[in-house]
Amino acid sequence: MTDSRVIAELTLVHPELVLTPTIEAMPEMVAELEYQTIAGPDAYYLFFEASGGDFDQFDRLVADDPTVSEPRVIIDGDDFRVYRMRLNSTERLVLPYAAELGMRVLRAASGRDGWIATLEVPDLEALQAFRTHCRENDVGFTVDRLYHADGDETAGTTDVYGLTPIQRETLLTAADLGYFENPRGVSVAELADELEISSSAASDRLRRAMATLVEQTIAR
């Protein structure tokens with residue numbers, strides 16, 4: 001039986017996201033979220049596994065990182081460390097909302113362009129709702145890849161519906177801005193401004209994306 005679960009790989013970006021100052025200063029070090037817990041109303045703790053760089057430098061950067069406090073090494077391995085840190089502000093903490101939408105966080109790790117989150121999503125409506133939530137909190141949101149959990153993926157060139165990343169982002173942006181509502185929330189020109197492209201390019205992307213969706217879904 002084919003596994004119908006959909007996996008979304010996202011990039012989340014904001015200067016106030018946890019450990020972002022440290023990650024930007026030391027991009028060779030990879031921090032991966034292991035666990036998170038609430039110890040009290042104002043005490044949110046995160047556990048990270050760090051690897052790939054100089055731990056002394058990492059410790060110095062973490063000590064001055066405004067997004068966290070109380071860093072403590074829990075496990076000191078040969079080539080990795082596990083840290084417990086207190087999150088200083090939950091204002092940009094968006095992944096718990098993904099769980100509220102029925103998503104399961106499979107992995108969250110630092111990347112050169114931000115935090116890379118791998119989520120199991122129940123449907124595309126939930127993914128769109130999460131995208132809206134991120135935008136409302138000024139957190140940059142990019143879908144890098146979308147595929148079935150059975151391994152039928154497309155190496156980032158197209159998604160499960162045959163869309164290219166650009167087409168997918170165009171459709172999600174259009175839906176988020178109300179382009180498909182009646183009456184429309186935005187015009188093609190306003191959508192183009194949001195995407196920072198010309199009106200003709202936005203119209204062409206929409207036309208090609210919709211044609212692909214029809215061919216890959218109801219036309220089959």
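A search of the whole structure, which is a predicted model, finds five aromatic pairs. Rings of Phe, Tyr and Trp (its six-membered ring) pair if their centres lie within 6.5 Å; planes under 30 degrees apart count as stacked, over 60 as edge-to-face and the rest as tilted. A pair of aromatic rings is described by the distance of the centres and the angle of the planes. One of the five pairs is formed by phenylalanine 48 and tryptophan 115, with 5.9 Å centre to centre and 40° between the planes, and this pair is tilted. Phenylalanine 48 lies in strand 3 (residues 43-51) and tryptophan 115 in strand 7 (residues 114-121), so the pair ties together parts that are 67 residues apart in sequence. Helices (H or I, at least four residues) and strands (E, at least two) are DSSP runs, numbered from the N terminus.

Phenylalanine 48 is buried, at a relative accessible area of 1%, and tryptophan 115 is buried at 8%. Here buried means under 20% relative accessible area, exposed over 50%, and partly exposed in between (1.4 Å probe, protein chains only). Contact means heavy atoms within 4.5 Å. With neighbours up to four places away in sequence left aside, phenylalanine 48 is in contact with Val18, Leu19, Ala31, Glu32, Leu33, Glu34, Arg81, Val82, Tyr83, Met85 and Trp115. Its C-alpha atom is separated by 8.9 Å from that of glutamine 36, twelve residues apart along the chain.

Residues are numbered from 1 along each chain as its sequence is written, and side-chain values use heavy atoms, with hydrogens and water left out. Because the model is predicted, local features need pLDDT of at least 70 and side-chain atom pairs count only at pLDDT 80 or more, while totals for chains, interfaces and linings use all residues.

The wider picture comes next. The chain has seven helices and eight strands, and its C-alpha atoms fill a box of roughly 55 × 40 × 35 Å, taken along the principal axes. Of the 220 residues, 39% are buried. Among contacts with a separation of 6 or more, 61% are between residues 24 or more positions apart.

Phenylalanine 48 returns in the largest nonpolar core, which has 41 residues; Leu12, Leu19, Phe48, Leu119, Leu127 and Phe130 have the most contacts inside it. Apart from this core lies another, of nine residues, among them Ala174, Val186, Leu195 and Leu206. A nonpolar core is a set of buried Ala, Val, Leu, Ile, Met, Phe, Trp, Tyr and Cys residues joined through side-chain atoms within 4.5 Å. Beyond four places in sequence, the contacts of phenylalanine 130 include Leu10, Leu12, Val94, Leu119 and Phe141.

Leucine 19 is found in the loop between strand 1 (6-13) and helix 1. At 1% relative accessibility, leucine 19 counts as buried. Most residues other than glycine have a negative phi, and most peptide bonds are trans. Phi of leucine 19, however, is positive, near 65°. Glutamate 70, in strand 4 (residues 68-76), also has a positive phi, near 55°; glutamate 70 is partly exposed, at 36%. A cis peptide bond, with omega about 0°, joins asparagine 182 and proline 183. Proline 183 lies in the loop between helix 5 and helix 6 (188-195).

Helix 1 (residues 20-25) holds proline 21 as well as threonine 20. Threonine 20 is buried at 9% relative accessible area, whereas proline 21 counts as partly exposed at 29%. Not counting residues up to four places away, threonine 20 is in contact with His14, Pro15, Asp65 and Trp115, and proline 21 touches Pro15, Asp65, Pro66 and Thr67. The C-alpha atoms of proline 21 and threonine 67 are separated by 8.1 Å, although these residues are 46 residues apart along the chain.

Finally, the axes of helix 4 (residues 124-136) and helix 5 (residues 165-176) come within 10 Å and cross at roughly 70°. That makes helix 4 roughly perpendicular to helix 5. Axes are lines fitted to C-alpha atoms, for helices over the stretch in contact, and angles run from 0 to 180 degrees between N-to-C directions; those under 35 degrees count as roughly parallel, over 145 as roughly antiparallel, 65 to 115 as roughly perpendicular and the rest as oblique. Gln128, Arg131, Thr132 and Arg135 in helix 4 meet Glu169, Leu172, Thr173, Ala175 and Asp176 in helix 5.
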